[in-house]
Amino acid sequence: MSVLPLLDIGLALLVVAVAAWTIAARNLFASVLGYVAYGLLLALVWVRLHAPDIALTEAAVGGGVTGVLLVTAGKRLDALKATRSGAGPGLRERIVAGALSALVAGALAFVVASLPTPAPSLAPQAAAAAAGPGAGLGNPITAVLISYRAFDTMLEKIVLLLAVLGIWSVGADDAWGSAPAPLRRARPDGAMVLLARILAPIGALIGVHIFWVGADAPGGAFQGGALLAAMWMVAMMARLLEAPRIGSRALRLALISGPAVFLTVGLAGNILAGSFFAFPPGFAKPLILFIEAFMVLSVAVALPMMVAGPPDGESKP
Amino acid sequence: MNPSLLAGLVGAALVGLGLYGLIAHPHPLRKLLAFNLVGSGVFLVFGVVARRGAAAGYAFDPVPQAMVITGIVVAFAASALAVALILRLAVAGGDVSLDPQASGRRDDGEAE
Amino acid sequence: MSVLADLFSLAAVGAGVFFFIAGTAGLLRFPDSLTRLHALSKADNLGLGLVVLGLIPRAENPLAALKLVVVWALVLLSGASTAQLIGRVLRRGRE
């Protein structure tokens, strides 16, 4: 007899209720705030599923950074006075949409309830990858990301680069090379500046710490990088820092450093360890930390640049 | 009811809610938010698969969990690209309607 | 000794939960935004402090205990700052 099942059911109901609120809320701002709360609650669900690494990522990216992205987008739309969005579907379409959604959710619930037992698992292979000569890591998820499925992770960094390029390219033609618009147009409040001055250095330290312990404990390049990105955005919101020009060489080098270092080490593995993305035994752990350090840099720079949006042309660098 | 089945049902409910919001909301930012709900529901179902695949001394299967981590970051990148496109639509057309008939000024805006 | 530590944890965490419930009751019951903000920021900061105090004897090592205190300090900082920001927006709305 334990209270844990009751807490689980309460948490599940709360998550679904907050999700329903983000769909039902009248205005965009309320809906975005609901989404941030939803991201934090979902992080607790991930902890209950024994996934602290995902919980960290979900809290930082799913809740925090996405929240800033959507709030900033709403403010920019208000500034453009472009709020008319056309009429929604009529009552009949809504009922059909509701029925369709219920059908899909029901089918998915049926699938979840009838998953095969015993469940298929790649955990033995991941354990071998984590403990093997190619890695030597205590955190199996970091081993999967950097060693067992290294190619996926490298391509995922390239997806981030493509997204940044896509965002930059929707800016006006004559703005190319200039800085994105600031996250907040108005002069920041004193309390915001104080918060950014105290929180940003501590948060940056915690971000580096989460990256560093990621080899053996929950944490890693994505979580640490996302936290560093959030701290940079806090400083940008307080106008202590401005977004850099997108033509800046330092910015571009930081963006490509993660995938470039990853790919170079992977190619070197072809010669030194006998196969693409293989790490030579004995050097594996320092090499993995070396790759991850540049991935942290890339993630920490890419996420704020995505939130900042396309180059603006009006704001001075 | 065990926690992983419960989380799976939550995932299914989130997919349903998000799908409804995606269809029913006319505003593109609200559609984007709803789409993110669908995404996190799918991730949750993936997390249930990871939890059920506990083996080799771990309480979870690390492979699906690692894929969810990259998935969350990629979903954010896609959302950010969508936001940039929506804002561009608003600059070009003067509104954020996705209905081609509702906006008359769109054609002039595109010709710049 | 361990019974004493358990009793201390129970008392401190229980008191913390009481303050959280009081703050939430204030959030739901108070008439306007400023008093609601007041109830929430004061009671929850104290409540979290008591929960952290109760969990310190259960920490595995002194570093873990220090981390708990850092969590509380960060929540204090961000909670106080956001309450201040929301309060200023409310006052600007009234003028």
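1. Helices (H or I, at least four residues) and strands (E, at least two) are DSSP runs, numbered from the N terminus. By that definition, chain B has four helices and zero strands, and along its sequence the pattern reads α-α-α-α.

2. The model is predicted: local features need pLDDT of at least 70, side-chain atom pairs count only at pLDDT 80 or more, and totals for chains, interfaces and linings use all residues. Residues are numbered from 1 along each chain as its sequence is written, while chains are lettered from A and ligands numbered from 1 in the order in which they are written.

3. Chain B has 112 residues, of which 66% count as buried (20 or more other C-beta atoms within 10 Å of the residue's own, with C-beta atoms placed from the backbone). Two residues are in contact if their C-beta atoms, placed from the backbone, lie within 7 Å. Of the contacts in chain B between residues at least 6 apart in sequence, 42% join residues at least 24 apart.

4. Two pairs of chains touch, and the pair A and B has the most contacts. Chains A and C meet through eight residues from chain A and seven residues from chain C. On the chain A side, seven are nonpolar (Ala, Val, Leu, Ile, Met, Phe, Trp, Tyr, Cys or Pro), one is charged (Asp, Glu, Lys or Arg) and none is polar (the others, Gly among them). Chains B and C share no contact; their closest C-alpha atoms lie 21 Å apart.

5. Helix 3 of chain A (residues 52-80) has 29 residues and should span 42 Å at 1.5 Å a residue, which agrees with the 40 Å between its end C-alpha atoms; the expected span is 1.5 Å times one less than the number of residues. A kink of about 35° is centred on A:E58 in this helix, the bend being the angle between axes fitted to the seven residues ending there and the seven starting there. After helix 3 of chain A comes A:K81, with a positive phi near 60°.

Terms used. Buried ≥ 20, exposed ≤ 12 C-beta atoms within 10 Å, placed from the backbone.
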